[in-house]
Amino acid sequence: MTSSPAETGAQLLQRFTQAASTFAKPRPVQVDMLVQFDDLPVLVRIRDGRVAEIVEKGVALQSWDFAVKGTAEGWSKFWLATPPAGWHDLLALNKRRVFTIEGHLHPLMAHLQFIKDLLASPREVAA
Amino acid sequence: MSVSLEPIVGRYTTFAIKGKQCRVYFEEAGSGIPLVCLHTAGADNRQYRHMMNDPEITSRYRVLAFDMPWHGKSYPPEGWQDTEYKLSTALYVETVMAFCAALELERPVVIGCSIGGRIVLQLGHLHSDKFRALIGVEAADHQQPWYDTSWLHRGDVHGGEVCAALVSGLVAPQSPAVHRHETLWQYMQGGPGIFKGDLYFYRVDSDLRGKLTGIRTDLCPLYLLTGEYDFSCTPEDTLRTADSIPGAAVTVMREVGHFPMSENPVQFRKYLLPVLERIQGK
């Protein structure tokens, strides 16, 4: 599958949900993370290193530890099998202000590679 | 039964740096023009193992890579337990010069990556007559910070894990998984606070913008090689730096990031071998 930079937030969310729902690593991660695809936020609950729940609606008034918000173009390029330089990493995207990272950052930094891998899980496989 | 041994030999030597005796570990392979290799912040000389195992290089160069004090198998100087490690520009220059003197290297070539690339610029500025050539990999006179270094050393975040996770994005997506994870393992093994202490040099003490007028590329050629996927020291950072140094030669390397010699040695040698060829021919 080849991504189009024009993917909508809903399409990006669908890709994320499909890939991330089964994401798990043997690591004691307990995090509530808000992820936003363009203007579409979802709450990702991680328990015992496993994605326990992805809540697509009803985010209002729900608390979360930290948020990762990105533009549709950012997520689409980030998930290409070979992302272009500067669009290939969560912090590269944050540096170029395509992604923003907000909130209580301790759980993010304590489990940074886990979160990076989870957010990259919809990435296409190189042919 | 035959024993398969790599040509790399590891030794220890002790010499003074800023008045303190330091027992320093180094590895070497090959013979010919001495080529001193400087590892990145928070890492160690294992980053250069591929160059030391490359007969195309070791047939012409004596490749030496040392662990900076506090790194790898080099201990901190005696009394370290009562101090906070902070690398400064002056200490770094003296460390490199002291290693070259201790090994009695005559006009060596120095190659350094990241912080090693930055100090290569300062070595050229201060001591162009002491080196045959300088190679700065991922080198710039300054670059914009992209995270808060206080995360690197605190009680409630594993230092090795967060260091590796932060720099993992600096490895290009094309780099082979085995080399990517070997590179990150080196970061996981650094001593507590050492990556942060190296970055004191990088972030605080070595803004070299406008201060490199002493570099004499007619005496000591300067080659700058930067990976296109390095968003810490970007190709634009290196190109801007080169603009201020008459005679500096710049190449932007495709499909590598911040750790070329370690993350993708096959790709890196495509760029390094022509540079070594030119240096040998001078």
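## Two loop residues with positive phi

In chain B, Lys18 sits in the loop between strand 1 (9-17) and strand 2 (20-29); strands here are DSSP E runs of at least two residues and helices are H or I runs of at least four, numbered from the N terminus. Phi of B:Lys18 is near 50 degrees, a positive value in a residue that isn't glycine. Most residues other than glycine have a negative phi. B:Lys18 is exposed, with 12 other C-beta atoms within 10 Å. (Exposed means 12 or fewer other C-beta atoms within 10 Å, buried means 20 or more, and partly exposed is in between, with C-beta atoms placed from the backbone.)

B:Arg107 also has a positive phi, near 40 degrees. Look for B:Arg107 in the loop between helix 3 (89-102) and strand 5 (109-113) of chain B. With 13 C-beta neighbours inside 10 Å, B:Arg107 counts as partly exposed.

## About the model

This is a predicted model, where local features need pLDDT of at least 70, side-chain atom pairs count only at pLDDT 80 or more, and totals for chains, interfaces and linings use all residues. Residues are numbered from 1 along each chain as its sequence is written, while chains are lettered from A and ligands numbered from 1 in the order in which they are written.

## The sheet of chain A

Chain A has an open sheet of 5 strands in the order 3-2-1-4-5, with mixed pairing; strands pair if DSSP finds at least two bridges between them. Strand 3 (50-55) and strand 5 (99-103) stand at the edges with a single partner strand each, so one side of each has no neighbour in the sheet.

Strand 2 (residues 40-47) and strand 3 of chain A run antiparallel, joined by 5 bridges. In strand 3, A:Ile54 is the bridge partner of A:Val44.

## Where the chains meet

Between the chains, 17 residues of chain B are in contact with 16 of chain A, contact being C-beta atoms, placed from the backbone, within 7 Å. At helix 5 (residues 112-119) of chain A and helix 5 (residues 159-168) of chain B, the axes come within 8 Å and cross at roughly 35 degrees. (Axes are lines fitted to C-alpha atoms, for helices over the stretch in contact, and angles run from 0 to 180 degrees between N-to-C directions.) A:Leu112, A:Gln113 and A:Lys116 meet residues of chain B's helix 5, including B:Val162 and B:Leu166.

In helix 5 of chain A, the residues A:Leu112, A:Phe114, A:Ile115, A:Leu118 and A:Leu119 are buried. Their cover includes helix 1 of chain A and helix 5 of chain B.

Conventions: Two residues are in contact if their C-beta atoms, placed from the backbone, lie within 7 Å.
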